[in-house]
Amino acid sequence: MKKFIILFASLLLIFGCKDIEEILEKKIEIKSLSIPLFENRSFKTGIEDRMTNTVIKEFILDGSLEIKDRAQISLKGKILNFEKEPSLYDEEGFVSEYRLWTRVELTIFDNFENKIIWKDILEEAVRFVPKTSSLAKKGIRAEDEEEAI
């Protein structure tokens, strides 16, 4: 899930949509990016810190853009929804696998022009096997919810 958001945002910044091509045509060179703390409108407390930090780390690892507190372009995120639901049960009726659903609104914003360049809602689901699952006892890689995020 987090890699999907990071990859999608990175690709848009680098290869982008029509509006990003317009920036390139205006010869505005994007060398830095600010990523403010994502807004959390879900019921999952603390997810905004984790998701923001993960996105920042991925951009730092990518190295194509410098991450700054203030930059011409900002990547803003709003976590709209986060749900955890059982997706698989074992023979005794215990949950063996969960599905995490996340909806995030991403906005690429030009701070100098004070305008939105691109905005879209991304929805992604990821499955994970909890450490208490009977599948974990059979050798399937298990993780807790925080690791799956």
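In which sense do strand 2 (residues 39-40) and strand 4 pair, and over how many bridges? The legends below start with the whole chain and get to that pairing in the third view.

**View 1. The whole protein, a predicted model.** Here you have 5 helices and 6 strands (DSSP runs, H or I of at least four residues for helices and E of at least two for strands, numbered from the N terminus). Read along the sequence, the order is α-α-β-β-α-β-β-β-β-α-α. Of the 149 residues, 43% are buried (under 20% relative accessible area; exposed is over 50%, partly exposed is in between, with a 1.4 Å probe and protein chains only). Take the contacts (heavy atoms within 4.5 Å) between residues at least 6 apart in sequence: 62% of them join residues at least 24 apart.

**View 2. Inside the largest nonpolar core.** Such a core is a set of buried Ala, Val, Leu, Ile, Met, Phe, Trp, Tyr and Cys residues joined through side-chain atoms within 4.5 Å. At least two core residues each come from helix 3 (47-62), strand 4 (73-89), strand 5 (95-110) and strand 6 (115-128). Strand 5 gives the largest share, 6 residues.

View 3. Strands count as paired if DSSP finds at least two bridges between them. Back to the opening question: strand 2 and strand 4 pair in the parallel sense, over 2 bridges. Look for Glu 39, whose bridge partner in strand 4 is Lys 78. Strand 1 (residues 32-34) also runs parallel to strand 4, joined to it by 2 bridges. There, Ser 34 sits opposite Ser 74 of strand 4.

**View 4. The hairpin of strand 4 and strand 5.** These strands run antiparallel, and 15 bridges join them.

**View 5. Asn 114 in its loop.** You'll find Asn 114 between strand 5 and strand 6. Its phi is positive, about 55°, although Asn 114 is not a glycine. Asn 114 counts as exposed because its relative accessibility is 60%.

**Reading notes.** Residues are numbered from 1 along each chain as its sequence is written, and side-chain values use heavy atoms, leaving out hydrogens and water. Since the model is predicted, local features need pLDDT of at least 70 and side-chain atom pairs count only at pLDDT 80 or more, while totals for chains, interfaces and linings use all residues.
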